[in-house]
Amino acid sequence: MNKNFKRFLATILSMVLVVSLCPKIPVQAKAKTATVSTQKELNTALKSPDIKKINIKTDENISLALKGDASQKTITANAANATISVKGNVGTLNLQAVNSIVLGSKVAVSAIKITSPDNLSLKLKAGSTVDNLKIVGFDNANTSSSIKITNNGNIGNIRVNDENSQVSVVNNNSIGKILLGAPTDLTVSGKTDSVTPVTVKKTAAGSSLTLSTDAMISAYADVKIDLLKGAGNTSIIAQNEGINLDVSNNTKKDISIKDKASGFSITVKKGVTMSG
């Protein structure tokens with residue numbers, strides 16, 4: 001082996017040693033969040049398996065469609081003038097600001113979180129499902145939400161934790177339960193054969209219920225209840241001792257109020273208002 005070859009071999013070995021000892025340069029991970037403002041950008045983000053969070057942000061008066069399977073994605077809409085149609089399954093929808101949103105037939109959404117204080121219209125077409133719908137509002141106590149929900153599909157539960165919200169529910173199919181965790185002006189109407197459980201928690205004292213469909217009301221706090229035509233099979237349970245129930249029975253049937261603490265029941269005759 002000649003000297004030149006030895007020098008060449010020594011040089012190669014030293015280069016290999018230097019490369020092996022150099023710190024590895026980390027490969028930057030692909031973006032997990034995308035902010036979009038057009039349908040084209042939205043389509044791209046929805047198709048990407050690497051993007052798990054999509055933020056829709058625009059002030060434009062536009063219509064947007066959520067297409068394809070987004071069941072593993074969280075989509076946040078901050079688009080006060082937008083109309084959004086959901087045509088594929090979605091994991092979580094955060095509605096910070098949106099004009100209206102429609103869930104198409106056979107669409108499934110795991111969770112919808114509404115934090116918009118403005119007028120919002122949410123419609124579920126027949127065959128669509130929402131497991132959990134939560135209305136939380138903004139931190140600013142001076143704001144309140146005005147929300148209309150038209151349900152032709154199935155909603156697991158509706159939770160209202162936004163103080164002084166005005167929530168109108170037109171229920172034409174099935175709602176598992178409605179839970180009020182803050183003072184709420186709740187109206188429930190529609191054409192359904194199902195009885196909707198409504199719970200008024202302690203933190204929702206001062207709420208007002210206007211019902212024209214049958215309900216099973218569990219009251220843990222003071223509440224005003226106005227029963228209209230269509231709510232004649234409603235039942236009311238006063239869960240805590242000493243709470244004040246203001247009940248107006250405008251149905252064609254007598255309504256029973258059960259006091260859980262004593263076990264006694266009181267009948268509110270049709271056309272009669274009772275407070276106590």
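Predicted model: local features only at pLDDT ≥ 70, side-chain atom pairs only at ≥ 80, totals over all residues.
**Exercise 1.** Does Asp254 count as buried, exposed or partly exposed?

*Solution.* First, recall the cut-offs: buried is under 20% relative accessible area, exposed is over 50%, and partly exposed lies in between (1.4 Å probe, protein chains only). Next, take the value for Asp254, 37% relative accessibility, which makes this residue partly exposed.

Residues are numbered from 1 along each chain as its sequence is written, and side-chain values use heavy atoms, leaving out hydrogens and water.

**Exercise 2.** Find the salt bridge partner of Asp254 and say what the pair ties together.

*Solution.* Start with the criterion: a side-chain nitrogen of Lys or Arg within 4 Å of a carboxyl oxygen of Asp or Glu. Lys269 is the partner, with the closest N and O atoms 3.4 Å apart. Asp254 sits in the loop between β19 (245-249) and β20 (255-259), and Lys269 in the loop between β21 (265-268) and β22 (273-275), so the pair ties together parts 15 residues apart in sequence. Strands here are DSSP E runs of at least two residues, numbered from the N terminus. Lastly, Lys269 has 47% relative accessibility and counts as partly exposed.

**Exercise 3.** Describe how β20 and β21 are joined.

*Solution.* Pairing requires at least two DSSP bridges between two strands. Here 4 bridges join the antiparallel β20 and β21. Ile257, for example, has Ile266 in β21 as its bridge partner. Finally, look at the hairpin: 5 residues lie between the strands, and Gly263 takes a positive phi near 85 degrees.
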